[in-house]
Structures are given as C-alpha cells and as structure tokens.
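Thanks for coming, everyone. I have one model to walk through today. Let me put it on the screen.

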Protein chains: 2
Amino acid sequence: MYSDPADYAPAGPDFVYPHSSYMPPSASPFGTVKLGDGDPLTPFYPAIESAFRIPEEEASLPKIPAQSISYDDAWQILSRMGGAVAPASWQGNLNNTYHTGPGLAHPGWKVNVDVNNNNTQTTTYNVVGVITGHEEPDRYVILGNHLDAWLFGGLDPNSGTAAMLELSRVFVHLRNETGWRPRRSLVFCGWGAEEYMAVGSTEWTQQFAKQLSDRAVAYLNVDMALEGNYTLRTMSSPLLTDAVFESAKKIPNPDPAEVMVGRKSVYTTWAARRPDPLQPDTPLLQAIGSGSDYMGFQHNLGIPSMDICYTHDNSTIGEPMYHTLYETFAVVDEIYDKGFHFHSAVAAMWGDLAVVLSESKVLPFSLVSYAAFIKRAQDHIAQRYGDLIRSQNITLKYFTDAGQTFNTSAFIFNKALESLDLKSPLVVRRVNDQLMMVERSFIDPRGLPKQPELNHVITAPSKNDAYSSTAFAGLVDTLADIEEAAEEDRQHLWRTFAEHLAAVTHLLETAAKVLSGDLW
Amino acid sequence: MYSDPADYAPAGPDFVYPHSSYMPPSASPFGTVKLGDGDPLTPFYPAIESAFRIPEEEASLPKIPAQSISYDDAWQILSRMGGAVAPASWQGNLNNTYHTGPGLAHPGWKVNVDVNNNNTQTTTYNVVGVITGHEEPDRYVILGNHLDAWLFGGLDPNSGTAAMLELSRVFVHLRNETGWRPRRSLVFCGWGAEEYMAVGSTEWTQQFAKQLSDRAVAYLNVDMALEGNYTLRTMSSPLLTDAVFESAKKIPNPDPAEVMVGRKSVYTTWAARRPDPLQPDTPLLQAIGSGSDYMGFQHNLGIPSMDICYTHDNSTIGEPMYHTLYETFAVVDEIYDKGFHFHSAVAAMWGDLAVVLSESKVLPFSLVSYAAFIKRAQDHIAQRYGDLIRSQNITLKYFTDAGQTFNTSAFIFNKALESLDLKSPLVVRRVNDQLMMVERSFIDPRGLPKQPELNHVITAPSKNDAYSSTAFAGLVDTLADIEEAAEEDRQHLWRTFAEHLAAVTHLLETAAKVLSGDLW
C-alpha cells in the first residue's frame, strides 16, 4: 500500500515538505489492517487477568502480510507493471502510465518484499486520573486521548496529548490553589494501543461497562488536537450539538488572518469555511463514526461522545505526513502552528466543554438536534429505499411515527424544564438521569445485523465504510446488501431488515418514553 | 399426563376433597407444556404493535398434543397396560400393578383421546397503576400478581389477586384521606397470561427494560397468597433477605394454634416449621427460580425480586387441587382459610415490604447475605466439581477471589454507611444507586450458555430443572453436561465452561467495584 501524490502532494513534486506540508516522496504511512476493535483475543469481554482468551487462529487477525511503502518506492514497482492500462480514474500523479497487471512488464522481473511485521502479545497501559466532583462524585465527564504513536507522533497523538497534559495541569492547579472542585467528577484518560484498533479504550469500556452506563455523562475525545490550521472539525453525538457550538463561540480565533476579516471566534471561521450544506449559516457537525477511542463509549455504551481537531482545507485526503516518519515536532512547530495558538484553542475548547458538562446544573443536551438528526436520516431512508421497502409490504410507518414521538417528547420535556423547581437536588438529578438515558435508549444489547460487536442503532458506523457515519447503519447496510444480493439471498436479508426495523422502532419509542418520565 | 394419588392423595381414597384438601379422583390439572417465557413470536423483544413476529413454525411451541387427565381416567388406561411390570419407584397408588407398555394388555384394545386444545393468537392485557413517590418519583417499588386463571382460580391467582386489590385499595385510601405519599413510587401490576409462560410480565419487562433497569428498586410478587396454611414460603433474591425476615417478624401469626404454643409472628412459625438446614435457627429463604412473573425482573433485568405464599406441609408435592376444577372459592373459604386470616397475613406482609422498600431512606438490601449465598454456591461447585475442573488445568482461583472481593466490598460499604451524611439527598441517592447496581452487576447481556434468553449469572434457573434454583446455573449446567457427554463432545463444553467462568468472574468483580464507589 502507498499514498499517491495525486492525493497527498497535489501541488507537484517541488512543493512538498519541507517547502510545504504536502507529502514528500520517501514518506511511508504506518497503520493497522486489523478489522474490529479491542484485544482480538477477548471479544465482548475485558482483557483482564481472569479473562478467557480465544485461540489466536480464531481471532480477527489479518492473514495476508501487509506493507506500506513510499510513493517513491511505489513508482519503482508501478512504472514496471505489465497488463492493461488502468482506467482514467485509477491514474495517479506518479510519472508513468498506470497498468493493472497481472505481472510486471518483463517476464523475468520480480518484486521481493521483506516484511518485518512480527506477531507478539504484549501489555498496554491506560493512565487514568480523576478530580472528584463535590456534589455528584458518581457522575463522570470523561476526557480521553491516546498515548501511543506509530513513530514520532508529532500530530497523532502528541498534539492531543499536549493539550491533555496542559488541561490536567490547569485543573489540578485550580483545585489546589482555590479549592475549586467540579459539580461532577472529571476523569482524565490516557489510552494505550489506540493505533492497534483502540485496544486500551475498548477493553476499559468493556471492563467498566456497567459503571459507565450508569454514571457517565459524556466522553470528550481529542485524538489529534491538530492536523491542519484551516478550521475546526468536530464529530459528535447530536446530543452535544449545542454544547459544542456554544463552546466554539467562546474560544478566540487562533488565526490572525481570520480575526482580521472579522471572524473573532473558532466558531465563525468554522461556520464560514465548513458550513453545514443543509443549514449554510451553521457549521458542519459531523456524525461520530469510527476511528478513535470514542467508539466504545458512543457505539457500545451510549455515552454521548465527541472529538474535536483543527484540520486542513481538504486539498489532500488526510494530513499528508500522518503516520509517517515526517510527522515530527518540527512539522508542528515550523509549519502548522508557530507559537502553538491552534493547540491552545483546541485545549481551551476541550477544557471549556469539560467545565460546562461537569458544572451545568441541568445537562446541556440538545434533544431537538437529535430529533432533527433522526428525522433527516429517516427521510433519507424513505427517499432512497422507500419503493424497495414498500415492494415487500414492509411499512416504515411505525419507524417514522416513533421518530416523531421522540421529537414531541423532546419538545414537551424542554417545555416542562422551564417550570421545574431546580432548587431541589433530587429534581435536578431526575431530569439529568432522563437526559442521560436518551443516548442509552439507542443501545441494543443484541447488537447490529452482521455487526454484533456494535450496539448503537443510530450512530454506529456502517460495516461497508467504518470511517463514514451513516445513521441507522444496521438498516442502511442491510438495504445496500439487498440491492447487491442475488435474488435467492434476498429473502433472508429482508427478514433481517424487518427484524432490525422493529428493534430500532422499539428503541426510538423507549427514548421518547424515557423523556416523558412515565414508566409505561 | 395425570397426577397420581401417591403424590396428591396420600391419606387414601376416602380422605380426599371435600373431606380433606387432598386430590379427588376426577380432578384434572391444567397447565402449559410450552418451554420458554413470553410471547413465542417475539423472542427478546416486546410484543408491541410494531414488533417483528417470527413465523409460527420457528416458535418454541410444543409439537406433540398434550392432554391432562384425572387419576380416575388414568386408572382406566393404566390398569389395562401391557408390557413389563414397572420398577418399584414407578408404582403409584392406583389400585393396579403399573406396567410400562408398549401397548395395552390385549392386542385389540385401543385408547382414543379427543384433544380439544386449539391454536389461537389473542390479545392479553396488563393492568398497571401507580402511586407516585413524592421524593423520588423515578424510583419504583413494583408489586405484581397475575390476573388469569386456568379455571376458577380459587388459589391461583385469586388468593393473590384479592390481596393485591385490598392493598391497592388501602394505599389509595391512605393517600386520599391523609395526603400520604411514599418516598418512592409504588407500582401495582396485574399481569395477563401468566399461565402461558408469563406472557404479560415478560413482554412488559422487555418493553420497559431500560426504564426498569435504571429505576426499579425491587419487584414483589404474590402469585398465590395461599396454597396451604402450614407456614410461610418465600423465594427471594438474597438481597432482600433482611427485608423479608424483618417484615415476617412484624406480622401477627394468623394461626391460633401456633400462637397458643408461643409463636406470635409469621416468622416464628416459619422458622420452626421450615428452618434453613444450614442455619437451623433461621427460616429457609428459597432462592428465586422459575415459575411466575418475577422471572423477567430478576433473571433478565437484575431487579431484586421475591415471591411469598402460605404453603402446605409437603405431604403432597404441590397443592392437590392446584389448576383443577376443584380449585374454587369454597376450598379456600371452607378448608384452607376460614375467616381469611392467612390471606390477611400475606397481604399485610406484602404491604409492609412495599412500604419499607418505598419509604426507607437507605434501601434495606442484604449485601452480606448475598456474599454468603455466593460463597456457599462457590464452595458447592469446588467440592462437587473441583477435581474435574482441575483435571483440565482450569483454575477457580479468580472466581473464588472475586466472590471474596465482593464480600470485602460489602463489609466496607456497610461500615462506610455508618458515617455518611444521610441528610444530603444526593448522598442518599448515590448510596442507593450503588445498592441498586449490585443485582444489575450480575446481568450478562450476552445470556447464559445454552439459555441466551436468561441473563442473571447467579440466580437464573437451571436449564435442567427450571423450578429448582441452582446458583450459577450456567456453570453448573455445563459441568453436568460435561459429566454426561461423550468424550468427543467434552472439549467444546470445557471451552463453554471456561468462557462463562471468566464472564461470571468479571461480573462478580463488577459488583464489588460498584460498591467501592470507584470508577476503575
């Protein structure tokens, strides 16, 4: 595998690092090709001393040796490929015509690859600290970042780790100097082995699943604080929409050029440079998919989660030096963030969110945003697949109605909040418990179709594209499978769809009921 | 199927109903032969309008027609049976030598049976009422009894339903006359279709699983208030041990003969007539297995549950007229409970438990009893199966240690309670939330080995004997299977055992951690 200059060095060979932040010819990005999160030997259960470990041959470990190489090395191979000319959309920017093979252009040529990956079992460590809340020590606002890096980790994760260290220093200082303690506990987590499919955080959420389900208010992740300096990028449960927006409005813009054109906050640049296509005056809040330590929290436990980062302008697919030997402190210090102002902005926003969520009497959860998110996703399914579904005499009515019921419940709940006696600690606890249960409502303990290791029926990532964030992945994946399936395989897929549709509908009704405060 | 007079008319043919409460010759007990609880068309999910219903041919419905008959009718067949003489332990008390068949004694004889069972889908109703708690409306103490009867239901369920109606009348009267409201909400449930494998309560616990998991404090079942007048009989989660004992001590003895010999409370007769063989000065509190509407609460959701009843002296296997046409009001009124004093005692105890659990500031849960229960069950497994387990190089150490850790945590928690500031509503809520989480800790969302529809790893009933109450059924059932399995089948059973042992150990550690108050 290699990264083509078409994707990572769009300004040509002369304008790459160190002359820009584009990918130089000898950079080779590391990564894992394992599928599935967590310790592959302990599916569903924590990798503690007493765990049962499945035999390695049963584990979801890749069987094909994989090696990433630089585009310089890739050119050595690609320029010598035989076979047909590759389609236009497969042609990259290396200085040759791309061929598909099979084989090289001359029968005697061979490629020898030495793969130095080795298979080891080893121990990884999570580092966890807590500032105990003074009113509700049994409610947790959790901040997380990972500690491992493929190489130097200048961006991933050290930009985030620097922010985490600074935040924990500031909070402990505040506590020690002023006696301040948050209303709810603040938990600071440094995760081990994130790069190997989030092993540390996954096993931790499995080990403490019940405590976290019962007590955690939110999970705030920063993997990289920075992978560019163009705009903020967030992925979040819809429940945290207002909290994220309000916080971004408070943080001064770290980009002097943007301040000059009147964009004084992180929010204004974000709204200008990455607007929501559906609501162009609002910044785009991406749905939370796969790819970092929030997965276990959001998709298994139903703890509203988010991840923030300063990102690039999308002229490249990702940050060009990500996971390569070039991802150093120098890149950050000299190219991306001279003076570390963008780092400060992300750390400040992260800290502000932690304070808001741990201090707010009533949790600032965006029920209306969640209802709108659900409505959009339901409309998409109805538009894209409605005819297909009706052809099977399956009705979307209950599903749609349940979304509407949730919307109504959210409205009534918010209205009732206005007249509640928030001086009573038990009244406050009760409404917050209801708010906490909303995201939990979407957790199906029986898992998603074909993805039993994921439980969130709305936000869990699609099995066909884990990084993207398809809402209702279990429904949409099954419909996509039906469209591609042979006639004889469709019947059982429709059965799967109808079963999961009923489960999702039931959970939407549960979320509505939870907010109503009635038991039944 | 029939009930033999050896089991149900032990005093001979002349001393049966109406001369005693023993079974008369023409009584035929009704019952279900279906396996598995709840609506057979909606496994794991609630049977609501939007539910997915599996095809009937996939449902766990019995395929063999079944007919219960009286022992009078059974004699007509058994006295004409051919084949070998049955073993001594199979000989009953009908006036003939029992033969095993095959076939009848004369080749031309035939038995024609008209079976009038028919297969219908129909609707059943639960009736639910609530008295909202004034301090913690979002905490529920739930009382339940079923509404359906096979025939007249003089005992099952009407003895219990009478108690339920009287209790709800009393509580509503109290509220209306005095303004009294309980600290926590009291929920009164009348279940539909209990006799068909607890359909009403199972579907209800599936529909409101998340709310109940989050909010229910305890479930108090009375199926029959009375099936005899000899002694109280209770089945209970170990967590309710103290509450049940303390309540039984408060209730005046309804039996004048017992009062005459100095046994003034329900508790003293119970302790005298049904002592715990392991602690002879204490009454026997039976573990809670299968057989009534508590199943979904206890074994799926981990809500501590109990069932109380006045019972017989065990001279018969069960109440002799149970589920027959003879189980009438007259039996209750003239034989079992002239003046309805035993009914009153059960209703009073049920109501007292409801008040104690809804009013106590700190929930009166018996952590130490639970730890002792776990220890006894662990010792039993080690003694009965220790050599077998060691022969596979599987260690019980982590399992045993986890039980000990739970015991230690319980002790420390109780000690810490003594110095807590119980004037703070949030401190009280926090310790109660910890107490509520103890039973939840033992719920494995992935289910038990070979019983995926059950989740409680300690109290769920054995697959080999659902009515009995084997602790750690998943472990013990698998060990029993291993002993009976052919050599070639043992390896995968040992794998199942080792996997489940690790899961159970993890959940015991979770229960201990929950009490410690620490997150990790």
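First, a term: buried area is the accessible area, taken with a 1.4 Å probe, that two parts lose on being put together, summed over both. Now the ground rules. This is a predicted model: local features need pLDDT of at least 70, side-chain atom pairs count only at pLDDT 80 or more, and totals for chains, interfaces and linings use all residues. Residues are numbered from 1 along each chain as its sequence is written, chains are lettered from A and ligands numbered from 1 in the order in which they are written, and side-chain values use heavy atoms, with hydrogens and water left out.

Start with the interface. Chain A and chain B bury about 5,100 Å² between them. Of that area, 65% is on carbon and sulfur atoms.

Next, contacts, meaning heavy atoms within 4.5 Å. Chain A gives 60 residues and chain B gives 60 residues. And 100% of the interface residues of chain A are also interface residues in chain B, so the copies meet through the same surface.

How are the two chains related? For this, copies are superposed by least squares on the C-alpha atoms of residues with pLDDT of at least 70 in both. A rotation of 180° with 0.0 Å of shift along its axis puts chain A on chain B, at an RMSD of 0.1 Å. That is the relation of a two-fold axis. Which residue of chain A comes closest to the rotation axis? A:Pro445, with its C-alpha at 3.0 Å.

Now the charges. Side chains of opposite charge can pair when their charged atoms come close. The rule for a salt bridge is a side-chain nitrogen of Lys or Arg within 4 Å of a carboxyl oxygen of Asp or Glu. Across the interface of chain A and chain B, that rule finds 6. One salt bridge joins A:Arg429 and B:Asp433, at 3.0 Å from N to O.

What builds the chain A side? Helices (H or I, at least four residues) and strands (E, at least two) are DSSP runs, numbered from the N terminus. Several elements of chain A each supply at least two residues of the side that touches chain B, among them strand 2 (136-146), helix 14 (425-441) and helix 16 (487-516). Helix 16 of chain A gives the largest share, 12 residues.

Step back to the whole chain. Chain A has 16 helices and 9 strands. Its C-alpha trace spans about 80 × 65 × 55 Å along the principal axes.

Over all chains, the salt bridge count comes to 48. Take A:Arg183 and A:Glu135, whose closest N and O atoms are 3.3 Å apart. This pair links distant parts of the chain, 48 residues apart. A:Arg183 is in the loop between helix 3 (158-178) and strand 3 (184-191), while A:Glu135 is in the loop between strand 1 and strand 2.

Last, some backbone details. The peptide bond from A:Tyr17 to A:Pro18 is cis, with omega near 10°. A:Pro18 lies in the loop between helix 1 (5-8) and helix 2 (71-78) of chain A. In chain B, a cis peptide bond joins B:Tyr17 and B:Pro18, with omega about 10°. Then there is A:Asn314. Its phi is near 70°, a positive value in a residue other than glycine. A:Asn314 is in the loop between strand 9 (305-311) and helix 10 (329-336) of chain A.
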